[in-house]
Amino acid sequence: MNYPGTNIEITPPKLLVMLPIILLAAACNPTRYVPEGEVLLSKNVLVIGKSDKALPQDISKPAMKLYIKQLPNKRIFGSRFHLGLYNLSDIEKERWPHGWLRKIGEEPVIFDSLAATRSKDQLESYLGSKGYFNAVVDETAEIDKKEAEVFYRITPGTPYTIKDIKYEIEDSLLYSLVMIDTMNCTIERGMVYDVDLLQKERLRLERFIRDIGFYAFSTEDIFYRVDSSLTGRQVNVHYVVAQKTALDSLGKLVYTTHRMYRVRDIYVYPEFDPKEAMRGGEEYTNSFDTVYFKGVYFITPPGRQLVKTDVIKQS
């Protein structure tokens, strides 16, 4: 048996030995080592209010809990076992078993109101990235017997949808190619605005443009401008592919068209030995002979006659 969150394997005989420790840890006062004037973070609770539309899977409670900055002590079968082990020790003593109990245990998580406020802001920002621009998150801490339960009450509202997609591409060659590829675009009019989907579309377009010869193109050349000033909870997405930036001889920033790369030469090393290359360096590579055959350079060790270049060429 493996306990969640631990690397401890418990066999039945060991379980019988540890059972008294487990029961004692579970029964131990959880706030024993909580400083005076502080409270223990007992639980985070997400309360989602009603929305005009059902929430999509990616903003379910498990997804939103990732944005809560402060987590309470771990629980095993509902019991704060690790906290209990820590509390079984005497923190003023280092000898066994006190130091050992603290090492495998977990010190109390002290409630931090600033972390709760940051969590509120993070949740609102996350909901905004999913199209819920008017989402409201209220956080309150309910304290009882030196323990705090933090409630995040979420009113998501109605998500914004994409009304129109407008392409802004100053590079004329790229413009024609991207327009041909719009049939493969993964963002569509009418869909709920979602930053993650926009990012995936950036990566998709980058792969497409690089695959057709624009070797130096990157996602940094793609960005979006979003106009959320429309009525009816809609946004316009401006899909921007920028020109290439570079520095001229005077160090001044200039804008140029993206360069399409073409294959110039092909070199084949049919008997290349990476170990010898590491040992010999340039002396090893400079010792090779070069044979040109039907547009391909064959680089071979000296004194060897390469056979079946036509087979390799076809491959």
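Start with the surface. Leu 247, Leu 253 and Tyr 255 form a nonpolar patch of about 360 Å². Patch members have over 30% relative accessible area and no salt bridge, and nonpolar side chains (Val, Leu, Ile, Met, Phe, Trp, Tyr) are joined within 5 Å, like charges within 9 Å. A salt bridge puts a side-chain nitrogen of Lys or Arg within 4 Å of a carboxyl oxygen of Asp or Glu. Areas are Shrake-Rupley values with a 1.4 Å probe, and for residues only the protein chains shown count as cover.

A word on the source. This is a predicted model: local features need pLDDT of at least 70, side-chain atom pairs need 80 or more, and totals for chains, interfaces and linings use all residues. Numbering starts from 1 along each chain as its sequence is written, and side-chain values use heavy atoms, without hydrogens or water.

Back to Leu 247. It sits in strand E7, residues 244-247. Strands are DSSP runs of at least two residues, helices of at least four, numbered from the N terminus. Leu 247 counts as exposed because its relative accessibility is 62%; buried is under 20%, exposed over 50%, partly exposed in between.

Next, Glu 124, in helix H5, residues 113-129. At 25% relative accessibility, Glu 124 is partly exposed. What does Glu 124 touch, leaving out residues up to four places away in sequence? Ala 135, Val 136 and Val 137, where contact means heavy atoms within 4.5 Å. The C-alpha atoms of Glu 124 and Val 137 are 6.3 Å apart.

Key: Buried < 20%, exposed > 50% of the residue type's maximum accessible area, 1.4 Å probe, protein only.
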